[in-house]
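Please look at the sequence and the structure below before reading on. The report that follows moves through the protein by topic.

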Amino acid sequence: MARTGFCDSKPLLDLHKKVDERRAPLRMWANACGPLDRWQPVEVDESRVAPVKKEPERRWERRLSIQTSEGIIMGFHEDSQTCLADGCVEGPVLLYPHGLQGLHSLQALVPSLLRREVEIALEKLNLIWDRTYAWDMFLDMMRTQTWHSFPNADLPRHFTDATRAVLVDWLIQVHEIMHFQDETLYLAIHLLNRSLRQIKVTTANLQLLGMVCLFLAAKKEECLLPEVSGLCYLMDHTYTRHQLLRMERKVLCGLKFDLSYTPPLHFLLLLASIARCSAKVVWMARYLLELSLLEGQCVVFQPVQLAGAALCLSRQVLQEPPTPEGEAAWCLASSIHVGSETALLRIMQILASAAAKAHGRETCATFIKFSSPETMHVSRHLGLKNASALLGV
């Protein structure tokens, strides 16, 4: 497999620029839930009008720290059954990790405070241009992350997790050389994971498949694309231009031209912005999140779970002094994480183990990438060596 060296990487995006700390007054809870459906009496002649039955009032309640057999960290529910306008009855709703039932009612169930913080965070991260559609975009992110999920981490029998890790590490190096956006890398690895399970590929063409996935991700995320001949050069001309384009058609047909994906990086930046995390916490979480790309066990988890686990582990490793405002913001951000506590701890254990061994592994592209001054040298933090001890492992 062709190997490439590192070039000077461009400064990564500073996601913690100072912003105006002033906040507009929050909307009333009644306004956030929408108008109440009440029957309004009118002064008319009662003898000429048939009696009208008054419709019940909709009442919504937030319940925190829900404890179930799944260990849900936080969820929202409707206190009682609600009569909808069309006469149907909507039962109690609880957000579970499997399928995210009741997502269509999330807008009515989430408090106005969380909705406003999501809008502010998406706008600050330049993920939206109009705050009017911020909440709809967030709902779409939560819904689409369940698409193309993997039931297990098993690979075809002629591939191993070690082989996959070497390929991903090489793609990270190529991604750095090409100065692509971070979203391009996460999409490329996702397309690679899907292709390995849906397309028949020989071991000899594994590197070609990885390059094609990166090329397709760049076509979706980047403004400027590399020449196909340049991609062949990065592979030491092991494959021809015709072979690369033919593999591209094969991948697109195998994936049915569906390249949609909600990367965990978007959830991480959203959670970090709502939780008011420091720059070092965010860089550490980004490092841990990128390490998850090398771990085949992580493909079965949802992007929001990976992002939440990386941020939790980052806070534990750095052990920054807590503040009342920061803890309150963290509790609000935690309400977005929909999943079981068992899954969260499992991901944190995988990431802690990977971070402790990153400096001595052959696949160390991510470790080198996050050891630069631009990333605050987070990969060399001494706390990562004892990360497993913090989790009681």
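## Helix 11

Helix 11 (residues 279-291) has 13 residues, and the distance from its first C-alpha to its last is 19 Å, close to the 18 Å expected at 1.5 Å a residue. The expected span is 1.5 Å times one less than the number of residues in the helix. Helices (H or I, at least four residues) and strands (E, at least two) are DSSP runs, numbered from the N terminus. The model is predicted: local features need pLDDT of at least 70, side-chain atom pairs count only at pLDDT 80 or more, and totals for chains, interfaces and linings use all residues. Residues are numbered from 1 along each chain as its sequence is written, and side-chain values use heavy atoms, with hydrogens and water left out.

Helix 11 is mostly covered, with eleven of its 13 residues buried. Here buried means under 20% relative accessible area, exposed means over 50%, and partly exposed lies in between (1.4 Å probe, protein chains only). The buried residues of helix 11 include Trp283, Arg286, Tyr287 and Glu290. Among the elements that cover them are helix 5 (161-178), helix 12 (303-318) and helix 14 (341-357).

## Helix 10 beside helix 11

Helix 10 and helix 11 pack at an angle of about 160°, and their axes are 11 Å apart. Axes are lines fitted to C-alpha atoms, for helices over the stretch in contact, and angles run from 0 to 180 degrees between N-to-C directions. The two helices, helix 10 and helix 11, are therefore roughly antiparallel to each other. Angles under 35 degrees count as roughly parallel, over 145 as roughly antiparallel, 65 to 115 as roughly perpendicular and the rest as oblique.

Which residues meet where helix 10 and helix 11 pack? Pro264, Leu265, Leu268, Leu269 and Ala272 in helix 10 meet Val282, Ala285, Arg286 and Leu289 in helix 11. A contact requires heavy atoms within 4.5 Å.

## Surroundings of helix 10

Helix 10 is mostly covered too: eleven of its eleven residues are buried. Its buried residues pack against helix 3 (112-124), helix 4 (134-144), helix 6, helix 11, helix 12 and helix 13 (324-334). Just after helix 10, Arg276 takes a positive phi of about 55°.

The axes of helix 6 and helix 10 come within 9 Å and cross at roughly 135°. Helix 6 and helix 10 are therefore oblique to each other. Asp182, Glu183 and Tyr186 of helix 6 make the contact with Pro264, Leu265 and His266 of helix 10. Is His266 buried or exposed? His266 has a relative accessible area of 16%, so it is buried. Leaving out residues up to four places away in sequence, His266 touches Leu127, Met141 and Glu183.

## The nonpolar core

A nonpolar core is a set of buried Ala, Val, Leu, Ile, Met, Phe, Trp, Tyr and Cys residues joined through side-chain atoms within 4.5 Å. The largest one has 107 residues, of which Val118, Phe138, Leu244, Tyr287, Leu288, Leu311 and Leu313 touch the most other members. Helix 7 (residues 206-221) gives the largest share of this core, eleven residues.

What does Tyr287 touch, not counting residues up to four places away in sequence? The residues touched by Tyr287 are Ala355, Ala358, Thr366, Phe367, Phe370, Val378, Ser379 and Leu384.

## Loops and accessible residues

The loop between helix 3 and helix 4 holds Asn126 and Tyr133. Asn126 has a positive phi of about 60° although it is not a glycine, and at 61% relative accessibility Asn126 counts as exposed. Tyr133 is exposed at 53% relative accessibility. The C-alpha atoms of Tyr133 and Glu119 are separated by 8.5 Å, with the two residues 14 apart along the chain.

His237 lies in the loop between helix 8 (228-234) and helix 9 (241-254). Phi of His237 is near 55°, a positive value in a residue other than glycine, and His237 is exposed, with a relative accessible area of 55%. Ile177, in helix 5, counts as partly exposed at 22% relative accessibility. Ile177 and Leu234 are 57 residues apart in sequence and 9.9 Å apart in space, C-alpha to C-alpha.

## The whole protein

The protein has 16 helices and two strands. Of its 393 residues, 50% count as buried. Among contacts between residues at least 6 apart in sequence, 76% join residues at least 24 apart.
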